[in-house]
Amino acid sequence: MEGWVTVNGVKVSPDYTFKPHDILAHTLHRHEPPVTSDHIKIIYEDENMLVVDKPASIPVHPTGRYQHNSILNILKHDHGYQSLFPANRLDRLTSGILIFARTKESAQLIEKAMRAREIQKQYVCRVLGEFPREVVCDERLLTVSHRLGLNVVSPQGKESTTVFERLFFDGETSIVRCKPVTGRTHQIRVHLQYLGHPIANDPLYANSNAWGPDRGKGKVYDAAECESVIEELVAHEFLSGGKVMPERALCQTCNIPTYYDPQPGQLCIWLHAIQYALNNFTFQTDLPLWASRDYSPEKYRHLIQF
């Protein structure tokens, strides 16, 4: 746009001829989807490792439209942490324990432990319905959309195992402890969907518009069967961190529609990495507010149909 490129701090005409020591500058104007303002809590740090409690809604590293609003960049620019190497993955909408190596050598050691399944992980989630007391799900998982990170149960998929234990049932939803043995993308979310108890506010896997009234319970898919599901999810903007509202004013700088501020419930799914154990270290966070027995934001509005 006109005026975005300057020489020595002023606009110049397109036929300007550069002189020695001229300073060329370009202004970058970017819109990022809204994220939570929750603080990134430091759980542990030493010369090899940094462990934080990741707030929901913020991606781990810059991706797509998220640049400054990423855990890596916030830790770098707001807290002064440099050269961090993410050791585990958490989805943007998931909260909880996030481990960073602080050197390449420690990153390699943690990655080796991850691959050898020497790290014990525990999550908590709130799911629809009365979950069984204990379940082991070992259905194979297949990625059917890299754009969405969408996975389904399929015999063509990769080996996947999750151990589940119900902590309590409140009459409509259950709080469940999840212990993933393997580490596939969306593994906990897809296994819960297959068992008929998806995470209650999961916009991907609890979406009855996309998966049908049973929300994918007990379904085994191939890639071709998922095309309509993917189209439905993309059409309803479940990729975005905030939907564009047509009545909102256009940005005065770049003339594109602005985002509205989402409700707090749209900034997270009810899935939280609560404990990671590695060698002699055990890292743990507090239970999130939504996992308490008395949590009642409009008593689940009513069980979120998207």
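User: Is C268 buried or exposed?
Analyst: This is a predicted model, and in it C268 counts as buried, because its relative accessibility of 16% is under the 20% cut-off.

User: And how many disulfides are there?
Analyst: The count comes to 0 disulfides. C268 is in no disulfide, and the nearest cysteine sulfur, that of C125, is 13 Å away.

User: What about C251, buried or exposed?
Analyst: C251 is buried, with a relative accessible area of 11%.

User: Switching to charges. How many salt bridges?
Analyst: The structure holds 8 salt bridges. One of them joins the side chains of E45 and R102, at 3.2 Å from N to O.

User: Where do E45 and R102 sit in the chain?
Analyst: E45 is in strand β3 (residues 41–45), and R102 is in the loop between β6 (95–101) and α2 (104–115). They are 57 residues apart, so the pair links distant parts of the chain.

User: How accessible are those two?
Analyst: E45 is partly exposed at 40% relative accessibility. R102 is also partly exposed, with a relative accessible area of 26%.

User: Which residue does E111 pair with?
Analyst: E111 forms a salt bridge with R115, and their closest N and O atoms are 3.2 Å apart. Both residues belong to helix α2; because they are 4 residues apart there, about one helical turn separates them.

User: Exposed or buried, that pair?
Analyst: E111 is partly exposed, at a relative accessible area of 41%, while R115 is exposed, at 66%.

User: What does E165 pair with?
Analyst: E165 forms a salt bridge with R177, with 3.2 Å between the closest N and O atoms. The pair links strand β11 (residues 162–169), which holds E165, to strand β12 (residues 173–180), which holds R177; the two residues are 12 apart. E165 is partly exposed at 28% relative accessibility, and R177 is partly exposed at 25%.

User: Which residues form a network of salt bridges?
Analyst: D91, R189 and D202 are linked in a network of salt bridges.

User: Last topic, the surface. Which residues make the nonpolar patch?
Analyst: V5, F18 and L24 make a nonpolar surface patch of about 300 Å².

User: Where is L24, and how accessible?
Analyst: L24 lies in strand β2 (residues 24–26). L24 counts as exposed because its relative accessible area, 54%, is over the 50% cut-off.

Note on methods: Residues are numbered from 1 along each chain as its sequence is written. This is a predicted model: local features need pLDDT of at least 70, side-chain atom pairs count only at pLDDT 80 or more; totals for chains, interfaces and linings use all residues. Side-chain values use heavy atoms; hydrogens and water are left out. A disulfide is a pair of cysteine sulfur atoms within 2.5 Å. Buried means under 20% relative accessible area, exposed over 50%, partly exposed in between (1.4 Å probe, protein chains only). Patches are made of residues with over 30% relative accessible area and no salt bridge: like charges are joined within 9 Å, nonpolar side chains (Val, Leu, Ile, Met, Phe, Trp, Tyr) within 5 Å. Accessible areas come from the Shrake-Rupley method with a 1.4 Å probe; for residues, only the protein chains shown count as cover. A salt bridge is a side-chain nitrogen of Lys or Arg within 4 Å of a carboxyl oxygen of Asp or Glu.
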